[in-house]
Amino acid sequence: MSASRLRRVAVLVLEGAKPLDVGIPAQVFTTRASMPYEVRLCGAAPGLVSGGDGLSYHVAHGLETLAWADLVFIPGYRFPDREDPPQPVVEALVAAHGRGARLAAISTGAFALAATGLLDGRRATTHWHYTRALATKHPLVRVDENVLFVDEGSVLTSAGAASGIDLCLHVLRGDLGVAASNHAARRLVAAPYRSGGQAQYVPRSVPEPLGERFAATREWALRRLDEPLTLDLLARQAAVSPRTFSRRFVEETGYTPMQWVMRARIDLARELLERSERSVEQIAADVGLGTGANLRTHFQKILGTTPSDYRRTFTRGE
């Protein structure tokens, strides 16, 4: 996908909309010279929309914006299990999807997306507090309560507000590449990448003390991707046993330690392919994969394409 094409983003503000859920896509995809997006906030009709948590929104656009957009975000809203959005909203979402727009729900926005029937037979998630309610209200949806976000191609869903950032960065990575996504993450002071398969936070009766230590180990590893990294070495850096490290690492990231290291290496390779003219062999050495053949094998396995084709995708039209 050419990075130069302007993409049109609509943020659909429903009654009871949650402020963080509205603000996240509006800020991540904010209209600026470095980002090929135009963002419009809309509602069921132009004017004042009563929000949740004491805030309201004045939106300049109505449902006609969904016919304009390439990507529609549906922020979460209060009391989503009580009733569906107005029928014109549901019909406008179905029509937008029918002409090729992607629909992305943040948190309880999944209820509005499920009301369209477009999630029937598909995996989806929502805030952990509402996963049972979503499964009860829409039994044809395959609700996964243990993930941060789900990408089903033309329909995407995420858990609570913070995971909306993960979903937005995931979309950016697909549209513009790793470099643009990492730049946006730095601007937001957010983690550059959390796996969609990472478990949601669920309250625990016993506090878990190792989160910061494991995060520091991941940062340590990211600075040494060109060096040999083993499970024993990572566990030693975190000052825990390899068994404990493996178990907790999967809980925190959704990947085994070595799966995470491999994906981090492929991500770095992607960024170098996007932003440098280094050869595949040089990049393989830079990211700790040794040879171009090894890089090609893992690139194909994880991304379903070759390094050369990937580079052409993000240089075409520049």
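In this tour, two residues are in contact when they have heavy atoms within 4.5 Å of each other. Keep in mind that the model is predicted.

**The whole chain**

Start with the protein chain in cartoon view. The chain has 14 helices and ten strands. Of its 318 residues, 47% are buried; here, buried means under 20% relative accessible area. Now consider contacts with a separation of 6 or more: 66% of them join residues 24 or more positions apart.

**Helix α1**

Select residues 19–28, which form helix α1. Which residues of α1 are buried? Show the side chains of Asp21, Val22, Ile24, Pro25 and Val28, and you have them. Look down the axis: these residues cover an arc of only 160°, so they lie on the same side of α1.

Among the strands are β1 (7–12), β2 (37–42), β4 (56–59) and β5 (71–74). Helices α6 and α7 are also packing partners.

**Helices α6 and α7**

Select residues 161–176 for α6 and residues 178–188 for α7. Their axes come within 7 Å and cross at roughly 150°. Angles over 145 degrees count as roughly antiparallel, which is why α6 is described as roughly antiparallel to α7. The crossing of the two helices is right-handed.

To see the contact, show Ile165, Leu169, Leu172, Arg173 and Leu176 in α6. On the α7 side, show Val178, Ala180, Ser181, Ala184, Ala185 and Leu188. Sorted by class, the contact of α6 with α7 has nine nonpolar residues, one polar and one charged.

**Helices α7 and α11**

Show Val178, Ala179 and Asn182 in α7. They meet Asp267, Arg270, Glu271, Glu274 and Arg275 in α11. By class, this contact has two nonpolar, one polar and five charged residues.

**Helix α9 and the residue after it**

Move to residues 231–238, helix α9. Leu234, Ala235 and Ala238 are buried there. Viewed down the axis of α9, the buried residues fall within an arc of 100°, so they line one face of the helix.

Now step on to Ala239, which follows α9. Ala239 is in the loop between α9 and α10 (242–253). Is Ala239 buried or exposed? With 60% relative accessibility, Ala239 counts as exposed.

Check the backbone here as well. Most residues other than glycine have a negative phi. Ala239 is not a glycine, yet its phi is positive, about 65°.

**The loop between β3 and β4**

For the last stop, select Asp53. Where does Asp53 lie? Asp53 is in the loop between β3 (47–50) and β4. Asp53 is another residue other than glycine with a positive phi, near 60°. The relative accessible area of Asp53 is 51%, so Asp53 is exposed; the cut-off for exposed is over 50%.

Conventions: Residues numbered from 1 in each chain as written. Predicted model: local features only at pLDDT ≥ 70, side-chain atom pairs only at ≥ 80, totals over all residues. Heavy atoms only, no water. Axes fitted to C-alpha atoms, helices over the stretch in contact; angles between N-to-C directions. Helix = DSSP H or I, 4+ residues; strand = E, 2+ residues; numbered from the N terminus. Parallel < 35°, antiparallel > 145°, perpendicular 65-115°, else oblique. Left-handed = near helix turned anticlockwise from the far one by under 90°. Nonpolar A, V, L, I, M, F, W, Y, C, P; charged D, E, K, R; others polar. Buried < 20%, exposed > 50% of the residue type's maximum accessible area, 1.4 Å probe, protein only. Arc of directions from axis to C-beta.
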